Amino acid sequence: MKNRMDNILARIPRNWTLPTEGKGYTILLTALLLTSFLLGIIWFFPTDPLKYRIENELAAQYGADVRIAELDFVFPLQMQFSNIRAEMPGLFTDLKIDSLRVKPVWSSLLFGRRAFSFSGRLNQGTAEGSVGADGKLALNLQQVRFSFPLSESGSLVLGGVAGDVRLEGTYPFPAEGESIVSAQFENLELTGLQSLGLGPEILQLGQFQMEGKGQGTILQVERLGLTGGAILVDGKGSIVFRQPVETSNLRLTATLKADSQLREIGELLALTQKPAADGSYQFRLIGTFDQPLLR
């Protein structure tokens, strides 16, 4: 640090003096006043009322129970959130965000279209993106580890890593909005099948990939695949989004093939239909997120 400061000071001319009049003086005075104003906001702005208002707004609009441990302002005009815990409708576990920084997209202010960018860390991974006042949303998750109970009892748990998840679209899904979804999950495993008599305690599922494009509330799933694990899946179809999200409609078709060592699952699949020559099964997934039906 000392060497860096010495280098900076060495570049300042020895005979350099502060301007006392003219354009240089006006620019310097404006910069000092603006800096003082921003620093005053950062140091003296009451953050607790703002924190509580954000929590209440999220609860009112999305039904989420959000708790923010710390909220600070960072120069210039950035908000730093720490230790965020959110209980979301339809999820059987809390979302935990270690840190989140939000700042304005300066170019958007020039054209009168307010937008904010954000970046954060959660579960050993990163999240970044932007959101605009017009509902435009962009989100990218990288190497985020997760472990989600699939039932309220917690007997089945899906775990893995969100290796690369990208979402572009609008919220809440207007008729004219377009969306793009690209998702890749790695090291997926399902825990708890043994207690149901359906296989080993930990079932390795490998990688999951999904590609889709949407128009309004309808997302066309162009590719949906599960590879590298005990169960292989290849499918496509559509999802019709509704509010609340857990009532969205599923219209998917898929080819499923289980490892021959999964005797219990193979016997269960054989009860539904006769397998193809290669041992695979054709299925349709319909219903909703909270009440899916496999046919």
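View 1. The model is predicted: local features need pLDDT of at least 70, side-chain atom pairs count only at pLDDT 80 or more, and totals for chains, interfaces and linings use all residues. Residues are numbered from 1 along each chain as its sequence is written, and side-chain values use heavy atoms, without hydrogens or water. S248 sits in the loop between β11 and β12. A polar atom of its side chain lies 3.1 Å from the backbone nitrogen of R242. Beyond its neighbours within four places in sequence, S248 contacts I239, V240, F241, R242, G287, T288 and F289. Contact means heavy atoms within 4.5 Å.

**View 2. Strand β12 pairs with β11 and with β13.** Strands are DSSP runs of E with at least two residues, helices are runs of H or I with at least four, and both are numbered from the N terminus. Two strands pair if DSSP finds at least two bridges between them. Strand β11 (residues 231–240) and strand β12 (residues 249–258) run antiparallel, joined by 10 bridges. L232 stands opposite K257 of β12. Five bridges link β12 to strand β13 (residues 281–287), again in the antiparallel sense. Here L252 has L285 of β13 as its bridge partner.

**View 3. I231 belongs to the largest nonpolar core.** A nonpolar core is a set of buried Ala, Val, Leu, Ile, Met, Phe, Trp, Tyr and Cys residues joined through side-chain atoms within 4.5 Å. The largest one holds 32 residues. L203, L205, I231, I265 and L269 touch the most other members. Leaving out residues up to four places away in sequence, I231 touches L203, L205, L226, L256, K257, A258, L262 and I265. A second, separate core has nine residues, including V66, I68, A86 and V102. In soluble globular proteins, nonpolar side chains tend to be buried together.

**View 4. L122 is a buried residue of strand β4.** Strand β4 covers residues 115–122. The relative accessibility of L122 is 17%. L122 touches K96, I97, D98, A127 and V144, not counting residues up to four places away in sequence. L122 and Q142 are 20 residues apart along the chain, and their C-alpha atoms are separated by 9.8 Å.

**View 5. D65 and R67 form a salt bridge.** A salt bridge is a side-chain nitrogen of Lys or Arg within 4 Å of a carboxyl oxygen of Asp or Glu. The count by this rule is two. Between D65 and R67, the closest N and O atoms are 3.0 Å apart. D65 is partly exposed, at 35% relative accessible area.

**View 6. D164 and R166 meet in a salt bridge.** Their side chains come to 3.3 Å, N to O. D164 is partly exposed, with 26% relative accessibility. R166 is also partly exposed, at 42%. Side chains of opposite charge can pair when their charged atoms come close.

**View 7. The protein chain has five helices and 14 strands.** Of its 295 residues, 28% are buried. Among contacts between residues at least 6 apart in sequence, 36% join residues at least 24 apart. The chain exposes about 19,300 Å², and carbon and sulfur atoms supply 58% of that area. Accessible areas come from the Shrake-Rupley method with a 1.4 Å probe; for residues, only the protein chains shown count as cover.

How values were computed: Buried < 20%, exposed > 50% of the residue type's maximum accessible area, 1.4 Å probe, protein only. Polar contact = N/O pair within 3.5 Å; in protein donor to acceptor, adjacent residues only side chain to side chain.
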